[in-house]
Amino acid sequence: MRLKDIKILEKLKIGDQSGYKDLFDLYYIPLSVYSLKYCDSFDQAEDVVQEIFIKFWNEKLYLKLNNSIGPYLFKAVKNNTLSLLKKNTKYCFVQIEDQVNKLIEDEVEDIENIEEEKRKLYQKIEALPEKSKEVFIAIVMDNLKYKEAAEQLGVSVNTIKTHYSNALKQLRKSLDIIIFLLLA
Amino acid sequence: MKQNGTYILKLILAYASQELSEKEFNELKQWLNDDPENTKLFSDYLYLYKKSRRIRFTENVDSTKAWNSIKSKLHQDSNIVPVSDAPKSKLRFLSNVSGFIKYAAVFIGILGIGYFFMNQHKTTAVTKNQLIIGDDNITLELENGNVKVIQPNGAQQSINISGKVVAEQSGNKLNYEKENSAEKLAYNILTIPNGKKFQVILSDGTEVYLNSGSVLKYPVKFITGINRQVYLLEGEAYFDVTKDAKHPFIVNVDNMNVRVLGTEFNVSAYPEDPSISTVLVEGSVSIFGNDKKYDKATSLELKPRFKASWNKIKTNISVEEVDTDIYTGWKNGKLIFKNIQFKNIIKKLERHYNVTIINNNSKLDEKNYDATFDVETIEEVLNSFNKNYEIAYTIENNKIIIN
């Protein structure tokens, strides 16, 4: 990333605007994913990152940077996401969140890595019992609230919760393996 | 998961999506403080949740749209990159030839899920005005966290834990071994979904009937010298407790305990009801808060044919004489409503029949009704409400709509 950062900065400083597009291609998705880790909202994550990109250009912030852009952007995304969160989150176990976020942080940024994980997870989701799979997809993948999922699938909220618990319980068994591999 | 397994898990999930109440948050906090192991468990679930969300997110991100949105907000003097230069989303165009093979599995996975949803929609379209009743599984969570599906009409099966048979299931009944040599308390959790009922016979011979939408946690084997304690985490159960004067039988429900030596009684603790009701059929039971130890002087002793209503919020009790059949009829397949608010009748019908009912006529919600059903189908029940109370309904997309 460092080398790419330097090239982008060079372009930006001499007024070559294609550098800004390169910056977007390189960082937009990783930054959005990073923001999501803290805020758990697809829309908010993208909003935060877009705002930072806009500010970066409009206020010519690249003029202040010398060797790298990545660390600056990631830090900005984290700060802005967290300050947004303070307004919206009612209940938070700070220590656990920090610990879990740290665990996730160390393996991101690499798109191939995400693809590989995705493949593994899909295999496991496919192996779930039919109802649990249905509910897991609705809640986690399609981002529905319990109530919406209950309506969509034509069952009660309680049924949704039970299936969701069951799905997670089952996935948890393979989660241990994932964590083990990542820490190894 | 040592304590209140399924319930705690539900709280963690509600936390992950920020859909929990202050009370639930505090319960979660308490649970975390109870055992350092719990923090690890909590982290694991949170980790998995965030991870799945991320994967879905990366699939959803539309970077072309994002790029256009950003570009429209940049200052005018920055006339950069024409629109036609569509950005390459690294994620989407990653596949080269070898990549294609490598990731083929991903797409099969996605197709599988897509097909599943298409299938769903097709079914609902064809049968727009018919109800399809879902068939959810009864599940049994073993002490090691494994979950077993119980098929009430399936073949007889044994529940084994580390090679030892601890219970036998046949039909609608799960029977725990009395000759189990266990020396430590180990819990199983039985979850009965909507639309189903089930019976479990505990290791002391106590018979428990579980109503639809109920969760019961109990030891695989009661241990000599320790109270026989079980947890009704949700729903309704009828207990026929085997007499054992040396080992009181305690049912913990929410923040209330029912203590008995040997007797028959019904406990109902559905979320929509403001109070937990305990109806005594015969014998005697004592009711006390779970924040204190049993003390004869401060507990309420209930007489046969009386009902105790424990208000979940105020934690006070009121007692009245009742017709016990109204409260225990469900055990024999009856559905009895006596002076029940319509909105609660809906919840009970949804649970009994495993259907979804949407009431658009909010004026009905607070009105009270009487009704008794046993062998009727849900359609027959609705027709009877229509005939007696002029409540009309339609069926759309597998949901019952009341207007």
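I began with A:Phe24, which counts as buried at 2% relative accessibility; buried means under 20% relative accessible area, exposed over 50% and partly exposed in between, with a 1.4 Å probe and protein chains only. I noted that this is a predicted model, in which local features need pLDDT of at least 70 and side-chain atom pairs count only at pLDDT 80 or more, while totals for chains, interfaces and linings use all residues. Residues are numbered from 1 along each chain as its sequence is written, chains are lettered from A and ligands numbered from 1 in the order in which they are written, and side-chain values use heavy atoms, with hydrogens and water left out.

**Aromatic rings**

I next looked up A:Tyr28, which counts as buried at 1% relative accessibility. A:Phe24 and A:Tyr28 are separated by about one helical turn because they stand four residues apart in helix 2 of chain A. Helices (H or I, at least four residues) and strands (E, at least two) are DSSP runs, numbered from the N terminus.

I searched the whole structure and found 33 aromatic pairs over all chains. Rings of Phe, Tyr and Trp (its six-membered ring) pair if their centres lie within 6.5 Å; planes under 30 degrees apart count as stacked, over 60 as edge-to-face and the rest as tilted. A:Phe24 and A:Tyr28 form a stacked pair, 4.8 Å centre to centre with 20° between the planes. Both belong to one aromatic cluster, whose members include A:Trp57, A:Tyr62 and B:Trp67.

I then turned to B:Phe222 and B:Phe249; their ring centres are 6.0 Å apart and their planes at 65°, so the pair is edge-to-face. This pair links distant parts of the chain, 27 residues apart: B:Phe222 is in the loop between strand 9 (214–219) and strand 10 (228–240) of chain B, and B:Phe249 is in strand 11 (residues 249–253). I recorded both B:Phe222 and B:Phe249 as buried.

**Charges over rings**

I checked for a charge over a ring (NZ of Lys or CZ of Arg within 6 Å of the ring centre and within 35 degrees of the ring normal). B:Lys217 lies over the face of B:Tyr231, at 5.1 Å from the ring centre. B:Arg351 lies over the face of B:Tyr270, at 3.6 Å from the ring centre.

**Chain B overall**

I counted nine helices and 23 strands in chain B. Buried residues make up 49% of its 403 residues. Among contacts (heavy atoms within 4.5 Å) in chain B between residues at least 6 apart in sequence, 50% join residues at least 24 apart.
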